[in-house]
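Keep the sequence and the 3D view side by side as you read. Find each residue in one, then in the other.

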Amino acid sequence: MSRPAFDFDAVLVGGGPAGSCAALSLVREHGIRPDAIAVLDKAVFPRDKPCAGAVSELGVKVLAELGVELTVPHVRMRGVRILDAARVGATECDMGIVAHRLDFDAMLLDACRADGVSVRDGDALRGLERIAGGFALETQSGRLTTRLLLACDGAGSTTRKLLALREPARKGHLYVLETDHGAGDLGVAQGLCDFDLGVVDDGLEGYYWDFPTMIGGAPQVSRGIYHANLSPRSDVKAVLARSLALRGVDIERVKLRPFSTRPFVPETVLWLERVVFVGEAAGIDRTTGEGIAQSMEMARIAARHVARALRSGGRTFEPYAREVRGSTVGRHLLQSAWLSKRVYAPRLGRPARDFLVESAFARESGARWYRGEPLPLVTQIGLALAMLGCRLGLRRTGAPRASAA
Ligand SMILES: Cc1cc2nc3c(=O)[nH]c(=O)nc-3n(C[C@H](O)[C@H](O)[C@H](O)COP(=O)(O)OP(=O)(O)OC[C@H]3O[C@@H](n4cnc5c(N)ncnc54)[C@H](O)[C@@H]3O)c2cc1C
């Protein structure tokens, strides 16, 4: 194979969790020479990323499997509370960690640098041209050529735009902020993550959250709101303002701007000739609006197929798409696309929301699902039936909000 014709064998556009983990997996798990790959990111690292920073246990496992030591400040998620109007259901279980993205993403990209990968941060992709056997990329600093392209450039993916890919579904909307702990942050004080589904009664398709976090070494609360945007709303910020006011936070005192997430749906395109879409450039969890761990796991699947293509000269990635969809993470993402429509439907979703607040079985299964564990088929069927409102006599443990607090 005449490599010198190209500057790189593979260029990864985007150095977030998807890009970094794909690069690390290529080098560490598949023996690809680090100088044959480049990671390009428009931002200069350490860069901040608007995010609550909840990395489920699946992501923690990927870190360990890639041999990356978790050296940045973080807190453990010790469980979950599901809130809905006056009720709360709590379940304690190890869910993963919360870390500040400024630290977490820099840790991953530093590991790529240390391995000898060509990391070009502060160098944005601006143009893309198909050439014989690969691509010519126009970047902020000049032109470079590559045989294969990994689009890991997140919700706004420039690569997708340059390849004229249509969005398969409306993007989710989020607002996020961090504050000090307040007297009412009872779940957070115990290391639990609060998901408040009460906002669905305000017309939103999503939840308000309070997560424990660590910023600059100090404990803080990550707060925010997620609207899956199955149907558009213009009042997401107003609903956030009401939720914050209930917790003693005045929205006027914080600067907020909206952010988007791309959902993974059945129509999601995962590859084109010589290109794979990885992480949020493909799509993330539509029910939770989360995608760090899923992107990290998808990156490892992508790396396996890219390494194979580099060795064989392959240029199509249908097997990648098939493996993603059939994997635990892919099934999770597809189930999540289905779930978002069930849980957040104003009236039809009521049984599902009641089930989550009232049933320990629902929360424990949900937590296992969140951690990236495959659920037995019988559990999946039981959950689906209960979500649809069939009474199964499952243990109900929801308590009035005041007494549970
Ligand atoms: C407000 C908010 C809160 C969230 N909270 C959580 C949470 O708690 N837990 C969770 O799991 N997920 C959360 N998410 C989702 C999570 O942030 C993403 O799913 C995750 O970052 C996806 O990783 P990625 O590597 O695919 O993309 P990203 O992390 O977005 O990385 C993409 C990278 O590509 C770079 N890039 C973009 N365009 C170009 C270009 N033209 N040239 C070069 N580089 C480019 C960007 O600079 C960026 O560094 C949240 C999202 C938002 C908006």
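Predicted model: local features only at pLDDT ≥ 70, side-chain atom pairs only at ≥ 80, totals over all residues.

## Domains

The domain assignment gives three parts. Domain 1 covers 3-53 + 101-168 + 263-331. Domain 2 covers 78-95 + 172-261. Domain 3 is the stretch 333-404.

Look at domain 1 and domain 3. Their C-alpha centres lie 33 Å apart. Between them, 16 residues of domain 1 are in contact with 10 residues of domain 3. On the domain 1 side of this contact, α7 and α9 (328-343) are the elements that give two or more residues. The largest share, 4 residues, comes from α9. By class, this side of domain 1 has 6 nonpolar, 5 polar and 5 charged residues.

## Helix α3

Helix α3 runs over residues 101-115, 15 residues in total. From first C-alpha to last it reaches 21 Å, close to the 21 Å expected at 1.5 Å a residue. Its buried residues are R101, F104, D105, L108, L109, A111 and C112. Seen down the axis of α3, these buried residues fall within an arc of 145°, so they line one face of the helix.

What does that face meet? The buried residues of α3 pack against α1, β2, β5 (87-99) and β6 (118-121). Just after the helix comes G116, with a positive phi of about 100°.

Helix α8 covers residues 318-326. Y320, A321 and V324 are its buried residues. Seen down the axis of α8, they fall within an arc of 95°, so they line one face of the helix. On the other side, E318 and G326 are exposed. The cover over the buried residues of α8 includes β15 (271-272), β16 (275-277), α7 and α9.

Now find helix α11, residues 360-370. Here A362, R363, S365, G366, A367, W369 and Y370 are buried. Their cover includes β3 (54-56), β4 (74-84), β5, α9, α10 (350-358) and α12 (377-387). Just after α11, G372 takes a positive phi of about 90°.

A54 sits in strand β3. Is A54 buried or exposed? It has 24 C-beta neighbours inside 10 Å, so A54 counts as buried. Leaving aside neighbours within four places in sequence, A54 is in contact with M77, G96, V98, C193, F211 and E290. Take F211 from that list. A54 and F211 are 157 residues apart along the chain, and their C-alpha atoms are separated by 8.0 Å.

T139 belongs to strand β8 (residues 134-139). With 18 other C-beta atoms within 10 Å, T139 is partly exposed. Not counting residues up to four places away in sequence, T139 touches L40, D123, A124, L125, R126 and L144. T139 and L339 are 200 residues apart along the chain, and their C-alpha atoms are separated by 39 Å.

Most residues other than glycine have a negative phi, and most peptide bonds are trans. A cis peptide bond joins F45 and P46, with omega about 0°. P46 lies in the loop between β2 and β3.

A164 is not a glycine, and its phi is positive, near 55°. A164 lies in the loop between α4 (158-162) and β10. It has 6 other C-beta atoms within 10 Å, so A164 is exposed. N229 also has a positive phi, near 65°. N229 is in the loop between β13 (218-227) and α6 (236-246). With 23 C-beta neighbours inside 10 Å, N229 counts as buried.

Conventions
Residues numbered from 1 in each chain as written. Expected span 1.5 Å × (residues − 1). Buried ≥ 20, exposed ≤ 12 C-beta atoms within 10 Å, placed from the backbone. Arc of directions from axis to C-beta. Contact = placed C-beta atoms within 7 Å. Domains from an automatic or database assignment. Nonpolar A, V, L, I, M, F, W, Y, C, P; charged D, E, K, R; others polar.
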